[in-house]
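Subject: Structure for you to look at

Dear colleague,

I am passing on the structure we spoke about, and I would ask you to keep it open beside this message while you read. My notes follow below it.

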Amino acid sequence: MANIQEVISKAGRRIRALRGLRGFGFGLFVGSLLALAWVVLDLAGVWLTEWAWMGAVVLTCAVVGLIVGWALPLHQAQVARSLDRRAGLKDRATAALESEAADAEVAAAIQHEAESHLNGLDVRRAYPVRTGPWPGMAAGCLAMAAVGFWLVNSGVLLDEEAQKGKEKLEQVAAQVERIAKPLTEKTDEVDPGDEERELARQMVDMAKKLERGRLNEEEAMRKAEQLVDDGRKLAEKRFGEAQKQMASWQQQMTKQEFQKAGIDEGKLQDLNLTPEQMAMVQEMQQQAGIDPSGMNEEGRFDPQMMENMGLSEGVQELMKMTPEEREAMRQMIESEMKSLADQMGKEGLSKEEQEALNERMKQLQELMKDFQLSEEVYEAMRQLMESETYRELQEMMAEMMKMQEQAASGEKMSEEDLAAMKEQIKEMQERLEEWAEQMQDPEFRAQVEAQMKEMLEALKRGELTLGQCQACMGLFGMNGLMQMPGGPGGGGMMLGEGENRKQEREGELAGDTTPLSVRGQRQDKGEESYVEIKAPTTVGNRSSVPYDQVLPKYKQSAESAMSDKKIPKKHEKRVKEYFDSLTGGKAKAGSGK
Amino acid sequence: MSGIEQSADWFQAKMSDLRSAVGQAVVGQEEVVEGVLVCLAANGHALLEGMPGLGKTLLVRTLAQALHLDFSRIQFTPDMMPADVTGTNVLASDTGGERRFEFRRGPIFSNLVLADEVNRATPKTQSAMLEAMQERQVTVGGAQHPLPEPFLVMATQNPVEQEGTYPLPEAQLDRFFFKLIVPYPTKEDLAEVVRRTTGTTGAEVPQVATAEDVLAIRETVKRIEVPSSALDYALSLVVGTHPEGEGKSPAAEKYCRYGASPRGAQALITAGKVFALTDGRFHVSKEDIKRAARPALRHRILLNFEAEADGMTADAVVDEVVAFVESADRDPVGV
């Protein structure tokens, strides 16, 4: 004879399964509605979607509905009441379940009577599978969503001209997506920040729109320019952060070296030449035949390093000299002092002359004192320069600067460059860690370790930003629209002002798209103005100017800027190196100072 | 087989025997017979309403014969006094010549009392009888006289000839367990009635139960369980007849001046127990309650003018209340 509890449990499982099934249907319907809404948003250009995501939403809702339906609370009393209704048991199951409260004899009779009726009860017949209206409604919504999606994304609704260009747009979209992908993925070495992700998201969004023919050429160009600008700004920001960290660390290391050499900050402050002393130094340099313009040559201290140390301009002048020049300078001072002493020993000097000589002697003595002190500083700096770690850091910084300049100028960083940079970062990290371990002062060591970590993070971010720069560079060279570097006809770059410069390659000349470019500017208040340029090119299918034809013009601009003192002195060397690197060292920046 | 199961079997047998015995004399009227038997088993009184000559008196008399119980009939008239029902103290002298008051029992002192055309008596007389029905005792001259057990009153009233009658007040109607409507017999039943009553042989009613059996039946009925679903259903029906308050039904709100009292819920449950036991169950089901709804509630709801204007009967309102409660009583799992 059937046990009441068993039958109720069996019915409960059946009810849960049916609820799950109904929940699945309902979830399917909700998911389908969401998919339909998504398609509408897609149609409005608010939120682009894909088949996979739509499917995932529908499936997720269905699964959630299934789980919720299955997990809804279900009590035995409910099951019993339901069973009574479904199987026409005249409340036998409920009574049997509640019969414990009755006297034992009646309870037993109720149980016995109920079990005799429950015997042979087919729970599946009492609870047949009924899916309700949801699956049908879900199917309807899904069909509408599918048709809508197909209509708006297949290009069926595009005009003939737009359909012709669709294939190319799809290629461009694939390239943009490929470039944006690394910016969205977190790896052991790279953890993209929010800004990088946002940029990547915008790129992917643009790629999708291109792929589906939702952007015309003008809009694509405008969007590309905006993305390039954003990417450049982000790159500058990241480089700035990395430089700041580098400089900070450099300062720490310098302080450490100075402390070892017994030079504290007080001494450095004392080492501050007065204008008179400065004039004396320049005078003596001239007398000693020391050329101040040649002080940036190899083997001398880096101006940036001295700047970071907080050395005054006069002291920096002293530091720039080579040992030989310093010796010549010392001899000049000593000789001057001797000459003065001889003059002062002579008789017949008027009081004014005596006082002038005394004053001059006093100044020379002060200068000598500062010069000696500067020698200590010089020695400490020399030792610092000889430190392998510091040298590595300097090289790293120079390399980073070079990369920044490359990024700013739109040069594409090769895979080898990227690999080399990663290797460098790794190597640098190891060396810095070794150096940190060797440091004896635990407090300072902890401080430097923290600085190092921050710096390395900044470097990593800088590396990421290069990827963005790559993407931005790729956006520039679109075949009248967007062509990625390395892709068909790639190799162009876009400047923030909207001017289009073209690096000429043979493959680019065979294109057949309509040449088009947009030059625009967005005002602070959101107003936009742009000039559309459509013109056939004489060398190919795109408006382009050979690289080597525009370079002299830019170089000339840079030189005039330097001569007008518009560029800070400490950056002059970089500008010179930059143009040297562009011209392959053929041209010399003769007017670098 | 347990004791309760044996009692149930015995109950079913007895009820079946009683039905058969009554059926020897009363033709048709199964529903009324069933209602009277339920009242007997539930220890409640019945109010029978029907046209004259439909066998009401015969039914009660036959039942008394089948049970071998005392039977009395009171034909109510407007000039009838309470003492005519309950009895009175009379002056009597014993063999020694000493005079004293002696209580002379009225016709109500029987196991089965047929109060014929109870609405023709004055309210004073009606009250005396209805008080005896409720208290199951009579108080005369400061002395209490308990009525015999089992005690069952079956009052009848005529739906026509309302002139010169005193309709029973609602409070007194409430004391009747069931109100049974005695319908006209069908043509076949009428033919059988004519055949039996115009021939030479009268119906022999066998005695199938005793007073003790009736009391045993009532004890068995009390043991039947009421599950929460059935109780909830019964209470919903009673609340559904109320024109105001939570759970009121639209029909009651529209057509009822007053709804059923708690006695209505008690009657539903007790009648449900009898029906359950008759059906061989030891618990009351919603079907049992539903079956008892009309006879137990029809005299407990007071219709308003709108109901009369719309031609609504109490039975129709009860049916609508039942439909309302059933519509709210959905499958709790909803699959």
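Predicted model: local features only at pLDDT ≥ 70, side-chain atom pairs only at ≥ 80, totals over all residues.

Strand 5 covers residues 112-116 of chain B, and 5 bridges join it to strand 2 of chain B, with the two strands running parallel. As background, the strands of a sheet pair through backbone hydrogen bonds, and the pairing can be either parallel or antiparallel.

If you now step back to the sheet in chain B, you will find 5 strands in the order 2-5-8-1-9, which form an open sheet with parallel pairing. Which strands are at its edges? They are strand 2 (71-75) and strand 9 (178-182) of chain B, each of which pairs on one side only. From one strand to the next, the twist averages 20°.

Helix 3 of chain B, which spans residues 56-67, lies across strand 1 (46-50), strand 2, strand 5, strand 8 (152-157) and strand 9 of chain B, and helix 3 runs at about 170° to strand 5 of chain B.

For chain B as a whole, there are 14 helices and 11 strands, and 51% of its 335 residues count as buried. Among the contacts in chain B between residues at least 6 apart in sequence, 77% join residues at least 24 apart. The accessible surface of chain B comes to about 15300 Å², and 50% of that area belongs to carbon and sulfur atoms.

Is A:Val152 buried or exposed? A:Val152 is buried, because its relative accessible area is 13% and the cut-off for buried is under 20%. Leaving aside residues up to four places away in sequence, A:Val152 touches A:Leu43, A:Arg212 and A:Arg214. A:Val152 and A:Val40 are 112 residues apart in sequence, yet their C-alpha atoms are 9.6 Å apart in space.

A:Trp150, by contrast, counts as partly exposed, because its relative accessibility is 49%. A:Trp150 also belongs to a nonpolar patch on the surface, which A:Val147, A:Leu151, A:Val156 and A:Leu157 form with it, and together these residues have about 480 Å² of accessible area.

Conventions
Residues numbered from 1 in each chain as written. Chains lettered and ligands numbered in written order. Heavy atoms only, no water. Patch = residues over 30% accessible without salt bridge, like charges linked within 9 Å, V, L, I, M, F, W, Y side chains within 5 Å. Areas by Shrake-Rupley, 256 points an atom, 1.4 Å probe, with all protein chains shown as cover. Salt bridge = Lys/Arg side-chain N within 4 Å of Asp/Glu carboxyl O. Buried < 20%, exposed > 50% of the residue type's maximum accessible area, 1.4 Å probe, protein only. Contact = heavy atoms within 4.5 Å. Helix = DSSP H or I, 4+ residues; strand = E, 2+ residues; numbered from the N terminus. Pairing = 2+ DSSP bridges. Axes fitted to C-alpha atoms, helices over the stretch in contact; angles between N-to-C directions.
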